[in-house]
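Reader: I am new to this structure. Please pick a single part, look at it closely, and show me how it sits in the whole.

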Amino acid sequence: MSTLSRTASRPARLAVAGGNPVRPPDRGWPAWPQPAPEAASALTSVLHSGRWAISSPHAGELYERRFARMFREYVGVAHCVPVDHGSSALVIALESLGLDYGDLVLVPALTWVATASAVLRAGLVPVLTDVSAQTGCVEADGLDLDVGPRAVIVVHWSSVMADVPAIVSTMDSRGGVVIEDAAQAHGAQWLGRHAGTIGRLGCFSMQHGKVLTGGEGGAVVTDDEHLAGVLEELRADSRRYRSDQARPGELDLTETATVMGANFCLDEFSAALLCAQLGTLDEQHEIRNRNYAILGKLLDAVPGVRLLGPRPDQTRLSVYEAPIVFDTLPEGRSNADLARALTAELGVRFYPPREPLDRSQLLRPATKPALAPLARRFNELHRDRRFPNAELLAGHAVLTHHSTFLGDEEDMVDIADAVAKVAAAAGDAW
Ligand SMILES: Cc1ncc(COP(=O)(O)O)c(C=O)c1O
């Protein structure tokens, strides 16, 4: 491995200001998504199967059942309930707990809006919690237990896992439940245990940008047999899979109706795609993780810049977005400026993280009549809450998508060179 980046010794004009880019525009980047070898035949077989949905009459084994089995074996857990989106996974995971209307659920301030909006959709109130500036995840000692939360949703953020075992023991002492939002962490491991399997329930998204994708999709995993049955009903209009074998033309779902559900079912095309894509996930992890380590080393040589890294107990990384943190911003420049400059140098998209949720324009519960009472409580609870670490990362990090890491070491050298060039740029270089 080369340990030296090709950084020029004197400051060069940035590409964003008309200078030469670090990477020639004709050198492309790995595409995303990358169809697995069996993807096309799996999709074609659904097309001609006479069965595109789990709620249609029986006509042989469902890809949805196959994916549930494959994914629960992959993460090492007893039950997997596939759903149509990661957001739905969070909604039914929360609903399965049978909490009371208006109960409080801790949610990180730095995450995609769905983590918090799912809480509201489940009739509960999210209480935003600051994250660690080192990991971007909530920590056990940062949980506001004084508000009396019934649960916490722990997000594994970008590439880094939260210390879920520590959070579970803190919440256990108060009778609170831990749900893992592993939408960004398929295959990540903490001391050999998969993200999503350490808390009571784990939720995944298989939307287009995720490391495992079926276009849209999601799943809840759990070792709790009772919750698994409830989750099935919650995602299929109060129906579960029947225990006996359906004959052709009969339905596989039966109306058990112990709770009121909705339709969050995964369709057969996405399920077939997911079965195929799962076969390439670990191979891609290896490539991304090797490149992530190379980039981390290269960036050690750039003053004031770090690649957010895992704690020693995280034994496997799942890179969703790579957060490059500029602890020192060039004078007069924001991380959004740096992201634009890096995009121009490299020809691949870099972008700042989303703003913390307390000022996200996407979190608008008061606009829905059903959520208005919860929105009032949310506003009261957040009048005086501040999230300095979430603000710090939102203002100093620059992200790039995991597909940027599916190439080789030369790509990492280009990124490190561009980061060094942009970090050193001042005055007329822009
Ligand atoms: C942390 C997190 N939670 C939840 C979701 C929601 O997943 P979906 O878009 O599949 O509904 C996402 C999607 O980006 C996410 O990143």
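Author: Residues 24 or more positions apart account for 73% of the contacts in the protein chain with a separation of 6 or more. Contact means heavy atoms within 4.5 Å. This is a predicted model, where local features need pLDDT of at least 70, side-chain atom pairs count only at pLDDT 80 or more, and totals for chains, interfaces and linings use all residues. Residues are numbered from 1 along each chain as its sequence is written, and side-chain values use heavy atoms, with hydrogens and water left out.

First, the whole. The protein chain has 11 helices and 16 strands. Both are DSSP runs numbered from the N terminus: helices are H or I with at least four residues, strands are E with at least two. The radius of gyration, taken over C-alpha atoms, is 23 Å, close to the 22 Å of the globule rule for 430 residues, so the chain is as compact as a globular protein of that length. That rule is 2.2 Å times the number of residues to the power 0.38. Of the 430 residues, 57% are buried. Buried means under 20% relative accessible area, exposed over 50%, and partly exposed in between, with a 1.4 Å probe and protein chains only.

Now the part: helix 1. This helix covers residues 39-47. Which of its residues are buried? Ala39, Ala42 and Val46 are. An α-helix has 3.6 residues a turn, so residues three or four places apart point the same way. What does this buried set pack against? Its partners are helix 2 (63-75) and helix 7 (268-299).

Follow the chain onward. Serine 55 lies in the loop between helix 1 and helix 2. Its relative accessibility is 35%, so serine 55 counts as partly exposed. Beyond residues up to four places away in sequence, serine 55 touches Arg239, Leu251 and Leu253. Glutamate 286 is 231 residues from serine 55 in sequence, and 37 Å away in space, C-alpha to C-alpha.

Next comes valine 77, in the loop between helix 2 and strand 1 (79-83). Valine 77 is buried, with a relative accessible area of 10%. Leaving out residues up to four places away, valine 77 touches Arg72, Thr197, Val221, Thr222 and Asp223.
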